[in-house]
Amino acid sequence: MSNLNPRQKEAVKYIDGPLLVLAGAGSGKTSVITQKIAYLIEECGFKAHNIAAVTFTNKAAREMKQRVNSLLKGKSTRGLTVSTFHNLGLNLLRKEGHRLGMKSNFTLFDQHDALTIIKEQINQNFPNLIEETDHIQHLISNWKNDLKEPEDLVGRVETDIEQIAAQVYGQYNRMLTAYNAVDFDDLIRLPTTLFQNHPKCLEKWQNRIRYMLVDEYQDTNTSQYELVKMLVGFRAQFTVVGDDDQSIYSWRGARPENLVQLQDDFPSLKVVKLEQNYRSTSRILKAANTVIDNNPHVFTKQLWSEMGMGDPIRVIRCASDEAEAEKIATEIVHQHLQKGIPYKDFAVLYRGNHQSRIMEIKLQANQVPYRIAGGTSFFGKSEIKDVMSYLRLVINPDDDAAFLRIINTPRREIGPATLEKLNDYAAARQCSLFQASTEMGLRIHLTERAADRLVQFTRWMEDILVKIQRSDQPVNIIREMLDDIDYEMWLRQDSNTPNAADKRWGNVNVLVDGLERMLERGNEEDDTELAIEDAISKLVLRDLMERQEEEADDNAVQLMTLHASKGLEFPICYLMGLEEELLPHRNSIESGDIEEERRLMYVGITRAKKKLTLTYAAKRKQFGEIVDCTHSRFLDEMPQEDLNWEGKTGEITQEENNQKATNTLDSLKALLNS
DNA sequence: GGCGATCTTGCGGAA
DNA sequence: CAAGATCGCC
């Protein structure tokens, strides 16, 4: 603990009651949490299995686990729980879900699956509102996060659309139950319901978890806070760490007010502030402080550091989005070649996932290794979605979303007309599509050909199911299954080039190999064998793939969204696309909610240790059209004496001339096309 | 009734 | 620029 400052030590040593640590960016909060876990075990007589630390991302959980292990080298950390909220919820439901009448092999729907069944629901009952599907899904998610049940809402909501959404909500939950599935929000919501209805069960878990630590507390939503409150119980032995200036998840229900709420709920709450920053230069911190000063504050704090003044912050105007990516890529190459700075010291941060594409192209062109962290890119790939659906069907044949995705992939000549009839039949019989496919009564509604093809599929699938249960090498059966359907062949036919096909088949193998390794490793928390359904659920939670990335540990430039960058740090940081409508995002400008965007800017700035470069483009291609952009207001909010603007004076550069030429060409083409 | 080609629509962030 | 919707063809 010798490397901690007095405030940090205080936070580690205080175990007499509830503690809130207000930790500014880079103030060593992870050190505090990990040291505290070590302290609890070594000095306070806590058993590792009586401690639980909860974070929001798999990455944070993994890092925390690693650091605790190295602090306690030799000593056993067996049974120590370090996990994400969602993973914790998943484990709780697997173990205790039967008390809510859940089957233990339930599957986990991602938001796309959820959208599919909500859409179907709306299509049937409110076809004129099909445009509102996204909106309704969002409302339902928010209600779940607020622990509101459909019954609480009927007649108590304001607008017509909310009224309908409340109805859809009830039906949606019934459908999830029918499919033996839960969604992400349920992973938190259902454990709270469980504990409410089964106090004995709650008591058991309260006795198991004697001390609780929560990271990024400002990101908790109502259901997460409720779960924490239940688990800590009257003993209230816990530490939460948070920073209201880094609250960037209100759109998924996060309530930074939970920081204040804590004082009301636990009057004995002790508060410790960490304001010394160990990450960035003074200039970077000054910029961050100045920007965030434009937001109102409940808790005031002023970050400072002893890392020296550092270089001025550069602001670069680029002619276009392409020029911007090009500029960043070439700068990275030069710094790497001239100063020998390793690629992994660089990070490029952006507001939206779609911005990564252009950056990727430019990095590829310059042969710069890069890695896109987090994001949904891997799981968004169609081959991964397909295989995931096969996997889900294997553990739970009633998973209609998975069924629909792969019933005709690869081609089985089962099309929309057949599926519609199948769906009608299943709805009437109140059973899953898979179940319906096996029933004789279905045959009178279908042509013989179609019925046979469905039966052939279910027979085949049931065969796989049996084999999986019997085998002690389930992954081999999975490989056999993919072989049966000639999935590799299908990918080759479906891909444009052999090269792309290789890559896609490679992705599939990464997934399957990962699953295999995960099963071999078993459950790290309690050393029990990991069931295949757990492993597959954890795949949906992205846990496994990120682990895989971590193990690669290559020397690559880091690309990620600002959201994904929270909690990380990089010596040299580029923030790109600093334009009005992008950051702050258009939707936030329209809704007048600029403060969260400002916090996002704050998070971005405070990722940088030594050098910070901010770029924006004068013109940007959007929806295939080139639009003019103005630089972000947040750039004007920064301390101008610490900024170096490049290319702000609007002389037309060579690049812009080129851009103009292509513009004219584009409009000519457009004219010709019309 | 299913398939493949063509048109069209629409980018926020994540477990 | 990709996924989804639509359309004509087999």
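A salt bridge is taken here as a side-chain nitrogen of Lys or Arg within 4 Å of a carboxyl oxygen of Asp or Glu. The structure is a predicted model, in which local features need pLDDT of at least 70 and side-chain atom pairs count only at pLDDT 80 or more, whereas totals for chains, interfaces and linings use all residues. Residues are numbered from 1 along each chain as its sequence is written, chains are lettered from A and ligands numbered from 1 in the order in which they are written, and side-chain values use heavy atoms, with hydrogens and water left out.

A search of the whole structure gave 52 salt bridges. Between Arg443 and Asp452, the closest N and O atoms of the salt bridge are 2.7 Å apart. Arg443 is partly exposed at 27%, and Asp452 is partly exposed at 36%. A salt bridge also joins Arg492 to Asp502, at 2.9 Å from N to O. Because Arg492 lies in helix 23 (residues 487–494) and Asp502 in helix 24 (residues 498–521), this pair ties together parts that are 10 residues apart in sequence. Helices (H or I, at least four residues) and strands (E, at least two) are DSSP runs, numbered from the N terminus. Arg492 has a relative accessible area of 32% and is partly exposed; Asp502, with 42%, is also partly exposed.

The salt bridge of Asp183 with Lys144 has its closest N and O atoms 2.8 Å apart. Asp183 belongs to strand 5 (residues 181–183) and Lys144 to helix 6 (residues 133–145), so parts 39 residues apart in sequence are tied together. Asp183 is buried, with a relative accessible area of 6%, and Lys144 is buried at 0%. Elsewhere, a network of salt bridges links Lys29, Asp215, Glu216, Asp219 and Lys566.

The search for aromatic pairs returned 12 across the whole structure. Rings of Phe, Tyr and Trp (its six-membered ring) pair if their centres lie within 6.5 Å; planes under 30 degrees apart count as stacked, over 60 as edge-to-face and the rest as tilted. Tyr217 and Tyr225 form an edge-to-face pair, with 5.8 Å between centres and 85 degrees between the planes. Both Tyr217 and Tyr225 are buried. Another edge-to-face pair consists of Tyr616 and Trp645, at 6.4 Å centre to centre and 70 degrees between the planes. Tyr616 is in strand 16 (residues 608–622) and Trp645 in strand 18 (residues 643–646), so the pair ties together parts that are 29 residues apart in sequence. Tyr616 is buried at 4% relative accessible area, whereas Trp645 is partly exposed at 22%. One aromatic cluster is made up of Tyr390, Phe403, Phe434, Phe457 and Trp460.

Charges over rings were also examined; the criterion is NZ of Lys or CZ of Arg within 6 Å of the ring centre and within 35 degrees of the ring normal. Lys229 lies over the face of Tyr225, 4.6 Å from the ring centre. The charged end of Arg94 sits over the ring of Phe106, at 4.1 Å from its centre.

DNA strand B is surrounded by 26 residues, the closest being Asn353, His354, Arg411, Thr418 and Glu597; a residue is near a strand if one of its heavy atoms lies within 4 Å of it. Helix 19 (416–429) and helix 28 (586–591) each supply at least two residues of this surface, and the largest share, four residues, comes from helix 19. Of the atoms of DNA strand B within 4 Å of the protein, 49% belong to sugar or phosphate and the rest to bases. A polar side-chain atom of Arg411 lies 2.6 Å from a phosphate oxygen of DNA strand B. Base nitrogens of DNA strand B are approached by a polar side-chain atom of Arg351 at 2.8 Å and by a side-chain N or O atom of Asn587 at 3.3 Å.

Two cis peptide bonds were noted in the backbone. Thr409 and Pro410 are joined by a cis peptide bond with omega about 0 degrees, and Pro410 is in the loop between helix 18 (400–406) and helix 19. Leu583 and Pro584 are likewise joined by a cis bond, with omega about 0 degrees; Pro584 is in the loop between strand 15 (570–575) and helix 28. Glu581, found in the loop between strand 15 and helix 28, has a positive phi of about 85 degrees although it is not a glycine.

Conventions. Buried means under 20% relative accessible area, exposed over 50%, partly exposed in between (1.4 Å probe, protein chains only). A polar contact is a pair of N or O atoms within 3.5 Å; within protein, one must be able to donate a hydrogen and the other to accept it, and residues adjacent in sequence count only if both atoms are side-chain atoms.
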